[in-house]
Amino acid sequence: MKINAAVLHEINTPLVVEEVDLAEPGPGEVLVKVGSTGICHSDLHFIKEEIPCTLPTVLGHEAAGTVVSCGDGVEGFQPGQKVIFLSRPNCGFCFYCQLGHPYLCEGRAMPYGEFMDGTTRLSKDGNPIYHMALVASFAEYAVSPAEQLLALPEEMPLPQAAVIGCAVLTGVGAVKNIAEVQIGSSVAVIGCGGVGLNVVQGARLAGAGRIIAVDLLDNKLEYAEQFGATHLVNASREDSVQRIKDLTEGRGADYTLDAIGLPPTIRQAVDATRPRGTVVIVGAAPMGTDAHLDAFSLALDEKTIKGCFLGAARPRLDLPPLVDLYLTGKLQVDELITRELSLPEINYAFDLLRNGEVARSVVSMD
């Protein structure tokens with residue numbers, strides 16, 4: 001079938017919205033009409049080649065839509081059913097899947113953008129176009145493995161479902177699954193973009209007593225206050241590490257979560273955490289980036305540093321409660337979506353992301 005998609009042909013160039021070919025779903029695959037897709041910083045990493053990919057490619061992984069048709073052997077999905085995309089496949093049988101860490105799956109180690117049979121479903125003029133995360137949601141339609149879809153209740157709106165699938169799952173998951181924040185504790189959050197705001201929200205849901213939001217932009221800090229931050233620190237005007245210590249009796253935060261992931265913010269996160277406290281690196285730096293830390297102080301202060309990939313989520317277990325929390329008014333997602341744009345506006349959506357003008361933009365196909 002012919003569809004419109006935003007294709008990345010060259011690194012550091014605008015996406016090209018053009019007509020491409022999408023094959024019918026094969027065995028175990030599902031054709032989905034994309035409803036909404038979020039503009040995530042991970043997509044920008046690929047555009048800038050901070051994470052390598054095979055070109056040409058259709059990016060997009062934070063998405064939700066409606067089932068159109070199913071390939072042979074697919075069970076549990078029907079045409080017209082709302083679904084959320086999961087941004088990594090998992091086999092269910094490997095070492096990490098059996099431990100309950102499906103996003104670390106070893107059984108689905110395929111080349112970038114190729115399905116398990118070594119081909120793509122997207123093409124143009126007979127030449128392959130590759131799929132980010134086997135989702136490739138910057139398009140009107142997507143074919144994805146059924147294992148990467150989760151059914152949604154009919155009353156769940158697709159823009160909100162899309163951002164729950166990545167930004168919310170990652171931020172709230174970092175608090176719940178990795179940091180394991182305790183009631184009444186102090187939490188510092190460095191970086192208040194889409195993921196960072198959900199770290200703030202996750203800390204609020206966990207019952208943290210003091211939630212300190214740090215960013216360079218006042219508008220991001222205003223968002224953070226809406227999501228539950230009790231204290232705001234503009235790092236462009238004050239020493240964020242010292243300010244966090246001032247707000248925590250001079251010791252530092254019990255938990256500091258870095259939602260940016262660059263060397264300076266990683267160091268700030270470590271320095272802003274109290275002895276025997278926990279540091280969680282949530283943001284993804286460009287591949288190959290080194291962060292230099294004072295090894296002596298790490299040993300002396302007995303701090304714990306943890307990495308966090310996609311909130312360490314078990315999406316089939318963790319996503320349904322988040323959807324329920326949204327539908328019952330306990331999870332703020334409407335406030336996260338500050339701009340809703342169309343597919344032809346996708347490059348403008350990335351400009352908004354680069355300039356820090358939004359909490360989250362979504363591109364809706366209707």
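A cavity is a set of grid points, computed over the protein atoms alone, where a 1.4 Å probe fits but cannot get out. In this predicted model, one cavity of 30 Å³ or more was found, and the space within the largest cavity amounts to about 40 Å³. Its lining is made up of His61, Glu62, Ala63, Ile84, Phe85, Ser87, Ala162, Gly165 and Cys166. Two elements, strand S6 (82-85) and helix H3 (158-179), each give two or more residues to this lining, and H3 gives the most, with three residues.

Helix H3 also takes part in the lining of an open space. The second largest pocket holds about 220 Å³ and is lined by 14 residues, among which Val172, Lys176, Leu205, Leu322 and Leu325 lie nearest its centre. Two or more lining residues come from each of H3, helix H4 (194-205) and H9, with H3 providing the largest share, six residues.

Turning to the strands, a closed barrel of five strands was identified, running in the order S1-S2-S7-S8-S4 with mixed pairing. A parallel arrangement is found for strand S11 (residues 186-190) and S12, which are joined by five bridges; here Val189 has Ala213 in S12 as its bridge partner. Strand S12 (residues 210-215) is itself mostly covered, five of its six residues being buried.

Several backbone features occur in loops. The peptide bond from Leu55 to Pro56 is cis, with omega near -5°, and Pro56 is placed in the loop between helix H1 (41-47) and strand S4 (57-58). Asp125, although not a glycine, has a positive phi of about 55°; this residue lies in the loop between S7 and S8 and, with a relative accessibility of 67%, counts as exposed. A positive phi of about 50° is likewise found for Ala312, which is not a glycine either. Ala312 is located in the loop between strand S16 (304-307) and helix H9 (315-327), where a relative accessible area of 26% makes Ala312 partly exposed.

Among the side chains, aromatic contacts were examined next. A pair of aromatic rings is described by the distance of the centres and the angle of the planes. Four aromatic pairs were counted. In one of them, the ring centres of Phe95 and Tyr96 are 5.0 Å apart and the planes meet at 85°, so this pair is edge-to-face. Tyr96 has a relative accessible area of 28% and is therefore partly exposed. The rings of Phe138 and Phe350 also form an edge-to-face pair, because their planes lie at 75°, with the centres 6.0 Å apart. This second pair links distant parts of the chain, 212 residues apart, as Phe138 belongs to the loop between strand S8 (127-131) and strand S9 (141-145), whereas Phe350 belongs to helix H10 (residues 346-354). Both phenylalanines, Phe138 and Phe350, are buried. A contact of another kind involves Phe115, over whose face Arg121 lies at 4.4 Å from the ring centre.

The cysteines were considered last. A disulfide is a covalent bond between the sulfur atoms of two cysteines. The count of disulfides in the model came to zero. For Cys53, the closest cysteine sulfur is that of Cys40, at 15 Å, which is too far for a bond. Cys97 is likewise in no disulfide, although the nearest cysteine sulfur, that of Cys94, is 3.7 Å away; the cut-off applied for a disulfide is a pair of sulfur atoms within 2.5 Å. With 13% relative accessibility, Cys97 counts as buried.

How values were computed: Residues numbered from 1 in each chain as written. Predicted model: local features only at pLDDT ≥ 70, side-chain atom pairs only at ≥ 80, totals over all residues. Heavy atoms only, no water. Phe/Tyr/Trp six-rings, centres within 6.5 Å; stacked < 30°, edge-to-face > 60°. Buried < 20%, exposed > 50% of the residue type's maximum accessible area, 1.4 Å probe, protein only. Helix = DSSP H or I, 4+ residues; strand = E, 2+ residues; numbered from the N terminus. Lys NZ or Arg CZ within 6 Å of the ring centre and 35° of its normal. Pairing = 2+ DSSP bridges. 1 Å grid on protein atoms, 1.4 Å probe; cavity = no way out; pocket = protein on both sides within 12 Å on 5 of 7 lines; lining within 4 Å. Points joined across faces, edges and corners; volume = space filled by probe spheres on them.
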